[in-house]
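Please read the following note with the sequence and the model at hand. It is arranged as numbered points.

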Amino acid sequence: MGQDTDAIFATCLALGDDALVLGHRLSQWSSTAPTLEEDIALSNLGLDMIGQARLFYQLGATIEGKGRDEDKLAYFRDASAFRNLLLMELPNGDFAVTMARHLAVAAFLEPYYRALAASPHQGLAEIAAKAVREMTYHVRHAGEWIIRLGDGTQESRRRMIAGLDAIWPYTGELFAMDEAERSLAAAGIVPDRATIRPQWNETIARVLAEATLDMPEPAAQRAGGRQGHHTEHLAPMLADMQSLARAHPEATW
């Protein structure tokens, strides 16, 4: 692969890992969400993310040209080979933590995918054009819950504040770029993540204002996911997610 092709593969892998890991975390709410309606909603949000992961992995596998497919990329790499942001792999916590994380992610991905849909790279642009419609709904869904919890009872407000505080040290990594992504941004193939921050700030501030919540205090930021340096939470999650595929590596479904 050439330099640009290597960078596009690396970026597909990173975006696919983000979507897969978060999608699996959301799937863990199946049968345990606060209401039946929300159980179905969270399952659908998870399916959206896993669908995005499939598309990025399929594109990446085609670009790589080494015979790997989406299943090989998802199920037969260890934690150190994953390039997802740390925010995606954090345990779900209670419902407020999950909603805080999902708003933070969706408020970034909606404008990011909107900008990526204008990419001159047809494959990336097509994935982004589909994904941005999904993320518009994700922002609304998470935002409505944060407003409901923040402006609800004393207990729901306490939990919502705690949820925001729990995920806040991991939000800065949303705007960090590795060498591959920086090279693609310089070439106009992907958006510069720094340009997304004003829109992210605006969305977060609007939702928190409606929820009568303050923006969390600045916190020391955690990073390293793009370099394969993960929290202790990723490896057990992957072991659970990958167990069936690894037990039957030649199976077809």
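1. Basis. This is a predicted model, in which local features need pLDDT of at least 70 and side-chain atom pairs count only at pLDDT 80 or more, whereas totals for chains, interfaces and linings use all residues. Residues are numbered from 1 along each chain as its sequence is written, and side-chain values use heavy atoms, with hydrogens and water left out.

2. Nonpolar core. The largest nonpolar core holds 81 residues, of which Tyr113, Leu124, Ile146 and Trp200 touch the most other members. Helix 5 (residues 95–116) gives the most to this core, namely 15 residues. Such a core is a set of buried Ala, Val, Leu, Ile, Met, Phe, Trp, Tyr and Cys residues joined through side-chain atoms within 4.5 Å; buried means under 20% relative accessible area, exposed over 50%, and partly exposed in between (1.4 Å probe, protein chains only). Helices are DSSP runs (H or I, at least four residues), numbered from the N terminus.

3. Two residues and their contacts. Leaving aside residues up to four places away in sequence, isoleucine 146 touches Met99, Ala100, Leu103, Asp151, Met160, Val207, Leu208, Ala211 and Leu213, contact being heavy atoms within 4.5 Å. Alanine 104 belongs to helix 5 and is buried, at 1% relative accessible area. Alanine 104 and valine 139 lie 35 residues apart in sequence, with their C-alpha atoms 8.6 Å apart.

4. Helix 2. Does the length of this helix agree or disagree with its residue count? At 1.5 Å a residue, the 29 residues of helix 2 should span 42 Å, and the end C-alpha atoms are 42 Å apart, which agrees; the expected span is 1.5 Å times one less than the number of residues. Glycine 65 follows helix 2 and has a positive phi, near 65 degrees.

5. Positive phi outside glycine. Serine 31, in the loop between helix 1 and helix 2, has a phi near 80 degrees. Serine 31 is exposed, with a relative accessible area of 65%. Threonine 212 lies in the loop between helix 9 (197–210) and helix 10 (234–247) and has a positive phi of about 55 degrees. Threonine 212 counts as partly exposed, at 38% relative accessibility.

Note on methods:
Helices (H or I, at least four residues) and strands (E, at least two) are DSSP runs, numbered from the N terminus.
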